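I am opening a notebook on this structure, and I want to set down, entry by entry, what I looked up in it. The sequence and the model come before the entries.

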Amino acid sequence: MSVLRAEGWLKDQHESVLRQIESRGRLRSYQAKTLVFLKGKSLTHYFFVVKGLVAVYRQNSEGKRWIASLIGEGTFFPHIGFDRPSAVYPANAETLTECTFLIVHRKDMVCLMREYPSLQEHLTQFLSEKNQELMTRCSDSLLESAAHRLAQLLKQLALQSEAQAEDGWYLISDTLTEENMADYIGVTQETVSRIMSRFYQGNKVKRVGRKKIYVNPEQLDR
DNA sequence: CCATTAATTGGCA
DNA sequence: TGCCAATTAATGG
């Protein structure tokens, strides 16, 4: 039954609300690197991430892409279209890992918002936070170095996973490839690799195999 | 063990 | 920094 937990975006929501959302959605699993929706297509569904990680991105005609936002467990996407029946998806979305979503029709989502004011309020707050994040990322892209942007991303992932912290080190496991990070901060994967090498040498980041990345947020700030 | 995919490195624009 | 090429390393059957 309860696949949605009161964590992440749904934190502080009553159990009854979670169940209502669940009752109006259907579960579906996707393999890694699967397209979820395309930019410009009619916005018919919202996706709650029960498991996995998704990239919402735009791409130019030459194939270069920019990840506008990373969607992890406990939140949903896209973040627009609640007000307009004719809304279209604002970007493409692709699973970076194997994923499980609770998929809800746009219309049902709108009804839920109306029926549960707490959800509506939550959404407003959530959107304003996202707005701030986006502004910061955009200004960082123009004002800060690539190393700084990568550091911000790693810290965000570290604190977000918040699972395994030990003496200042956080584990980020099995999520982003360096290519994903590159698409997120707007550089090539070679550049990410070189910056990562500097982080290893500066004891800001450690790596075990290809999958486990340990981050030390404090060292990263120096 | 092999095939595939990811990460690293050097050279040059 | 980006782009290309070559190489090495890890991962998943």
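Before the first entry I note how elements are named: helices (H or I, at least four residues) and strands (E, at least two) are DSSP runs, numbered from the N terminus. The model is predicted, so I keep in mind that local features need pLDDT of at least 70, that side-chain atom pairs count only at pLDDT 80 or more, and that totals for chains, interfaces and linings use all residues. Residues are numbered from 1 along each chain as its sequence is written, chains are lettered from A and ligands numbered from 1 in the order in which they are written, and side-chain values use heavy atoms, with hydrogens and water left out.

Pro78 has its place in the loop between strand 6 and strand 7. For pairing I use the rule that two strands pair if DSSP finds at least two bridges between them. Phe77 itself belongs to strand 6 and stands opposite Phe47, and strand 3 (residues 45-51) is joined to strand 6 by two bridges, the two strands running antiparallel. Both belong to an open sheet of four strands in the order 1-8-3-6, with antiparallel pairing. Its edge strands are strand 1 and strand 6, each of which pairs on one side only.

I then followed a second open sheet, whose four strands come in the order 2-7-4-5 with antiparallel pairing. Strand 2 (35-37) and strand 5 (65-71) are the edge strands, pairing on one side only. From one strand to the next the twist averages 35°, where axes are lines fitted to C-alpha atoms, for helices over the stretch in contact, and angles run from 0 to 180 degrees between N-to-C directions. Strand 4 (residues 54-59) and strand 5 pair over six bridges in the antiparallel sense, and in that pairing Val54 stands opposite Ile71. Five residues lie between these strands in their hairpin, where Gly63 takes a positive phi near 95°.

Which residue of strand 7 is the bridge partner of Phe37? I found Ala93 there, and strand 2 and strand 7 (residues 92-95) pair over two bridges in the antiparallel sense. I also searched for aromatic pairs, meaning rings of Phe, Tyr and Trp (its six-membered ring) whose centres lie within 6.5 Å, with planes under 30 degrees apart counted as stacked, over 60 as edge-to-face and the rest as tilted. The whole structure holds 12 aromatic pairs. In one of them Phe37 and Tyr89 are stacked, at 3.8 Å centre to centre and with 10° between the planes. This pair links distant parts of the chain, since Phe37 is in strand 2 and Tyr89 is in the loop between strand 6 (76-77) and strand 7, 52 residues apart.
Last, I looked at strand 11 (residues 205-208) and strand 12 (residues 212-215), which run antiparallel and are joined by four bridges. Lys206 stands opposite Tyr214 in strand 12. Three residues lie between the two strands in this hairpin, and Gly209 takes a positive phi near 65° there.
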